[in-house]
Amino acid sequence: MKTKIYSTVPTLILLFSSIAHASFIDFQSEQWVDNALTNKISQYSLTGDPGKHRTIPSINSPKAQLGKLLFFSKIQSGNFDTACVSCHHPTLGGADALSIAIGVDSVNPDLLGPGRQHRSTAVNYDGGPTMPRNVPTSFNLGFWDRHLFHDGRVEALLPVPFQHGAIGPISTPDSGIGNPDSDAGANLSHAQAGFPITPQEEMRGFSFAQDKTNQEIRDLIAARLRGELEPLSINQWPTLFRQTFNKQDGPLEEVINSATIREVLGEYMRSQSFVDNRWYQYIKGDKAALSLQEKRGALKFFGGRFEGGFNCQSCHQGDLMTDEGFHNIAVPQIGRGKGDGETGTNDFGRYRETSVLRDAYAFRTPSLLNVEMTSPYGHSGAFTTLEDIIKHHMDPFYSGAFYTYDGPQPNIQLADQRSNTFEALWTMFFQQATGQSKLQSPYSYRQTDIEDLSAFLRSLTDPCTQDRACLEPWLVDDDIDPDGLRVYAVDKNLNPL
């Protein structure tokens, strides 16, 4: 994808006019705000229970427990230096607290989050992160029904509500968009779990299984767990898989294979349900669950432009607070990119999958549950604070034109940031002008609006995500280490996570 979608016209972008924003919400009584919010809750059929009609596995289930052990092990990494948890640690909000992840060839494989660095002697070292995009959280993965990944490349072709892709086929990068993948597994989580081990920069590495298909890579990893690929000083996986699947006899290939590996990893991730927040308590009738500022923020979130709101719900819909769609909001294009554009440092987003113009620079709408815990924000992790990403939504043209990176990775790749970002902005301008985008920016706003909205978004945090003791069932503190390859996660000060 080396073509350029649109030329850069920054002067036209900056001429996009702003519409005056009403602020009467700030001057209403709390009772008035409560009444208005009650109407919005009814209008949008919010229940405060995204788990309703869903089957979410317990972390104590045998498959989730086995998946947890595998999630923390480096055995799936080609070079034994990366695990799933390297980018998705529970105490880091189910992600890694970096703008863009560093997968293989890190200086210290146990160091997660800020301070994790790419080894200078590694292949493709340029000082910056190894991967092209920000890591989506693994929390609440089982609540999605249509797409996984920023570009939706794992997709339920029959997206029945509340089924997480369990009814009907699923397409993946192996089958191509719109085509069923017979090996995808029982649901979206199982399908997704098969892909982190395949990219070189993520988990596979640059020496393992070169010139192999994705499925051949998975089969090699399964053979490794069975003890057939190379000698392991410790290998309890055969015993654990036989116990979990209750298959003490029969060929080991029927117990440890790419399908069962995807299944246990998927069940562990699906068990990460963190949806006990104060906004849901408010929806269910506890009017004291939110402060007045948070209530004002909620009303501005759900209200339209001429109601004094910002129409955030047009994309962040329902109890999960996402339409599971794709939108170009022109988040600054930082990092090494996905190989797109004239320089190869750009990222065309959903367009890479569909080749449809309205999908250029469009990325999946994230859920806002626990958003406080998942900084940095945007597909490229360009914004560190809630306040900054909110301001970007308000006026992407101004934000993008004057963007300066101030995130947790001082060596992040920025050489083509400005030109790539302006191309995304100009594409967004064209999409809006031709009716291909429902984003209604820019909005005029005041600092109090930003403060109210960010306060509301923080009310979406499940307190368990902030409490290591509460997260302990999803951690491996007292669990066996089946292969001696566990990531013993530490922060930049070498303190345990």
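How many bridges join S1 to strand S2? Two, and the strands run antiparallel. S2 covers residues 154-156. Strands here are DSSP runs of E, at least two residues; helices are runs of H or I, at least four; both are numbered from the N terminus. Pairing takes at least two DSSP bridges between two strands.

Now the whole sheet. It is open, three strands, order S1-S2-S3, paired antiparallel. The edges are S1 (147-148) and S3 (170-171), each pairing on one side only.

A word on sources. This is a predicted model, where local features need pLDDT of at least 70 and side-chain atom pairs pLDDT 80 or more, while totals for chains, interfaces and linings use all residues. Residues are numbered from 1 along each chain as its sequence is written, and side-chain values use heavy atoms, leaving out hydrogens and water.

Next, cysteines. The structure holds one disulfide, meaning a pair of cysteine sulfur atoms within 2.5 Å. Cys464 and Cys470 form it, with sulfurs 2.1 Å apart. The S-S torsion is about -105°, so this disulfide is left-handed. Cys464 is buried at 8% relative accessible area. Cys470, at 33%, is partly exposed. Buried means under 20%, exposed over 50%, partly exposed in between, using a 1.4 Å probe and protein chains only.

Cys87 is in no disulfide; the nearest cysteine sulfur, in Cys84, is 9.1 Å away. Cys87 is buried, at 6%. For Cys315, the closest cysteine sulfur is in Cys312, 9.1 Å off and too far for a bond. Cys315 is buried too, at 11%.
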